[in-house]
Amino acid sequence: MKSSFETITFESVTDKAIIDNLIKYAIAPRPICFASTIDCNGQVNLSPFSYFNLMSHQPPICVFSPLRRMRDGSTKHTLDNVREVKEVVINIVNYDMVQQQSLASTEYGKEINEFDKSGFTAVSSIHVAPPRVAESPVQLECRVREIVALSDEPGAGNLVIAEILYMHIHKHLLGKDNTIQQKDLDLVARLGGDWYCRVTDENLFIVPKPLRSLGIGIDQLPEKIRFSTVLTGNHLGLLANVETLPTLKDIQPADKYLNYLKLNFEDSPSKFSQKVHEYAAQLLDAGQLDKAWQILLM
């Protein structure tokens, strides 16, 4: 694996506007917190926020951040509401509701109920006052534990730390042993500008978790593998996620394609090595780690 990257550097103090634009493209995709809140007079608000994520299992904690408006530093209705009534329902957004969700982000007046404007169905929550979005595949009733204001400047975040009390899931999504097939959720996420992405079956992939025992690491790979001009960093990461380096005694007889390479490139060791690494890369991409190791060590 070889790399040489030229970078352009921006400083957060002097290049604020540039970073503000670029960072939303770089830190992505971001899940969407579709937050329903209520003020002390019972006025409901519904608004999406992409500065959002899960932060703890026990207790189960989500954090989202309503930013102050860039034009004047004023606060949004969601933030005002959770300061008055420390409850929120976080409704997870999937593809079927993404356009309506976006419509709810319009800056309607405080007296306007975004459930009506966006056409969503409000259903009562069990433990908190704000209603849930019936169309959302997963709805999280939360108690606001703390709000952390990061500054009073325009664009400043306010971290709303919300503890999940109840989780509602559309029944058809729940499988055996209380599991969900990731593809069935059909989730969407925010990118930079007007861009979103959709989590579909064809773009899902699995990354094996590191071993509970230590993987050998890329630095322990044989040099001919580690400095390959064919194998990528992803390939090397897969190869290095083994507890011990395989040895020839572990290797099964080579397959027909490797024999074909030997016959056709025996007079060109460098070309043979390249072809072997290309074959190993294909095997790794197909999830055949053991066979890739066999080919590389042969």
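Tutor: A charge sits over a ring if NZ of Lys or CZ of Arg is within 6 Å of the ring centre and within 35 degrees of the ring normal. The charged end of R190 meets this for the ring of Y196, at 4.7 Å from its centre.

Student: Where does the charged end of R198 sit?

Tutor: Over the ring of Y95, 3.6 Å from the centre of that ring. Since the limit is 6 Å, this distance passes, too. A word on the basis: this is a predicted model, in which local features need pLDDT of at least 70 and side-chain atom pairs count only at pLDDT 80 or more, while totals for chains, interfaces and linings use all residues. Residues are numbered from 1 along each chain as its sequence is written, and side-chain values use heavy atoms, with hydrogens and water left out.

Student: How many aromatic pairs are there?

Tutor: Rings of Phe, Tyr and Trp (its six-membered ring) pair if their centres lie within 6.5 Å; planes under 30 degrees apart are stacked, over 60 edge-to-face, and the rest tilted. By that rule there are 4 aromatic pairs.

Student: Why is the pair of F34 and F120 called edge-to-face?

Tutor: Their ring centres are 5.5 Å apart and their planes stand at 70 degrees. That angle is over 60, so the pair is edge-to-face. The pair also joins distant parts of the chain, 86 residues apart: F34 belongs to strand β1 (residues 33-38), F120 to the loop between α4 (114-118) and β6 (122-123). Helices (H or I, at least four residues) and strands (E, at least two) are DSSP runs, numbered from the N terminus.

Student: What makes F34 buried?

Tutor: Buried means under 20% relative accessible area, exposed over 50%, and partly exposed in between (1.4 Å probe, protein chains only). F34 has 0%, so it is buried. F120, at 6%, is buried as well.

Student: How do you know that Y257 and Y260 are stacked?

Tutor: Their rings lie 5.8 Å centre to centre, with 25 degrees between the planes. The angle is under 30 degrees, so the word is stacked. The two residues are 3 apart in helix α8 (residues 256-265), a separation of about one helical turn. Together with Y279, Y257 and Y260 form one aromatic cluster.

Student: How much space lies in the largest pocket?

Tutor: About 880 Å³. It is lined by 34 residues, and P48, F49, K76, S105 and R190 are the closest to its centre. The largest share of that lining, 5 residues, comes from β2, which spans 44-49.

Student: Which classes make up the lining of the second largest pocket?

Tutor: Ala, Val, Leu, Ile, Met, Phe, Trp, Tyr, Cys and Pro count as nonpolar, Asp, Glu, Lys and Arg as charged, and the others, Gly among them, as polar. On that count, the lining has 20 nonpolar, 4 polar and 2 charged residues. The lining of the largest pocket divides into 12 nonpolar, 12 polar and 10 charged. The second largest pocket has a volume of about 720 Å³.

Student: What is the phi of N178?

Tutor: Most residues other than glycine have a negative phi, and most peptide bonds are trans. N178 has a positive phi of about 55 degrees although it is not a glycine. N178 lies in the loop between β9 and α5, and its relative accessible area of 65% is over 50%, so N178 is exposed. D186 has a positive phi of about 55 degrees too, but with 14% relative accessible area D186 is buried.

Student: Which peptide bond into P29 is cis?

Tutor: The one from A28 to P29, with omega near 0 degrees. P29 is in the loop between α1 and β1. The bond from Q58 to P59 is cis, again with omega near 0 degrees.

Conventions: On a 1 Å grid over the protein atoms alone, a cavity is a set of points where a 1.4 Å probe fits but cannot get out, and a pocket is an open set with protein on both sides within 12 Å along at least five of seven lines; lining residues have an atom within 4 Å of a point. Grid points are joined across faces, edges and corners, and a volume is the space filled by probe spheres set on the points.
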